[in-house]
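Dear colleague,

I am handing over a structure that will be new to you. Please look through the sequence and the model below before reading on, and then compare them with the notes that follow.

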Amino acid sequence: MTQPQLSEKVRELIQKARIVSFATWQNTHPAEAIQLFQAADDQGRYLTDEDLQQIQQLVSANTALFAVSQRLRDRVHEIVDEARSQVLATFPNITQPGGGLYPAVRADACWRDFWHFLRCITYGIAGQHTDYTSTEGLHYMHLLYQELQVPLDAMVVGLEGIKTASLKRVESEQQAIAAPYFDHLIEQLKQFC
């Protein structure tokens, strides 16, 4: 099956829809640590164990949150699968003809966004900043979602599912500490609706 061609406008919005920003982190992180976060974001990947070790050496931080970030990264596929199941249970016809995630390439893009949402959340957790989002990047993501007619209610349900699935995989004493990082992005996405 061939991928549908994206319009020039959509391609431009994708480039601008970078939802993470480390602009406010200068007071808590040296430039070298911020560069490690930025490099991971530029490459669209999770922080590696090596990245986390280097950041830990540069920043006196709560090392338990590094472990939370690692655990979520290592279980991302399970977490996204659970979130996907929640969306499909809540919106049973969403992947059928006429549904917001039809055809399959639209659904695949949604699940991929879930993977990236969790990636961004893990940056906030590892950096101990709940304010890890870019207002400008979120604005462009909103425009992108409008252009592509993304079902925003389903995306919010999915993000709430990511939170639930993630917190199940976190030590009970860390759940209350980790929850605000998820809540931040959920609240940002709810503003799109």
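This is a predicted model: local features need pLDDT of at least 70, side-chain atom pairs count only at pLDDT 80 or more; totals for chains, interfaces and linings use all residues.

The accessible areas in this message come from the Shrake-Rupley method with a 1.4 Å probe, and for residues only the protein chains shown count as cover. On that basis the protein exposes about 9800 Å², of which carbon and sulfur atoms supply 48%.

Residues are numbered from 1 along each chain as its sequence is written, and side-chain values use heavy atoms, with hydrogens and water left out.

Overall fold

Helices (DSSP runs of H or I, at least four residues) and strands (runs of E, at least two) are numbered from the N terminus. The protein has nine helices and zero strands, and so its pattern along the sequence reads α-α-α-α-α-α-α-α-α. The radius of gyration, taken over C-alpha atoms, is compared with a globule rule of 2.2 Å times the number of residues to the power 0.38. For 193 residues a compact globule would have a value near 16 Å, and the protein, at 17 Å, agrees with this. Along the principal axes, the C-alpha atoms fill a box of roughly 50 × 35 × 30 Å.

A residue is called buried under 20% relative accessible area, exposed over 50%, and partly exposed in between (1.4 Å probe, protein chains only). Buried residues make up 46% of the 193 residues. If contact means heavy atoms within 4.5 Å, then among contacts between residues at least 6 apart in sequence, 76% join residues at least 24 apart.

For the charges, Lys and Arg count as positive and Asp and Glu as negative, while His and the chain ends are not counted; the place of a charge is NZ of Lys, CZ of Arg, CG of Asp or CD of Glu. The mean positions of the 16 positive and 23 negative charges are 4 Å apart.

Aromatic pairs

Rings of Phe, Tyr and Trp (its six-membered ring) pair if their centres lie within 6.5 Å, and planes under 30 degrees apart count as stacked, over 60 as edge-to-face and the rest as tilted. A search of the whole structure finds eight aromatic pairs. In one of them, the rings of F22 and F37 have centres 5.6 Å apart and planes at 40°, so this pair is tilted. The pair links distant parts of the chain, 15 residues apart, with F22 in the loop between α1 (8–16) and α2 (31–42) and F37 in helix α2. F22 counts as buried at 4% relative accessibility, and F37 is buried at 0%.

Another pair, Y46 with W115, is edge-to-face, at 4.8 Å centre to centre and 80° between the planes. Y46 lies in the loop between α2 and α3 (49–58) and W115 in helix α6 (residues 104–127), so the pair ties together parts that are 69 residues apart in sequence. Here Y46 is buried, with a relative accessible area of 7%, whereas W115 counts as partly exposed at 22%. Ring pairs also link F22, W25, F37 and Y123 into a cluster.

Leaving aside neighbours within four places in sequence, R106 is in contact with G100, L101, L148, Q149, V150 and P151.

Most residues other than glycine have a negative phi, and most peptide bonds are trans. The peptide bond from Y102 to P103 is cis, with omega near 5°, and P103 is found in the loop between α5 (76–90) and α6. Q128, in the loop between α6 and α7 (135–148), has a positive phi near 55° and is partly exposed, with a relative accessible area of 31%. Q149, one of the contacts of R106, has a positive phi of about 55° although it is not a glycine. Q149 sits in the loop between α7 and α8 (152–167) and is exposed, with a relative accessible area of 64%.

With kind regards
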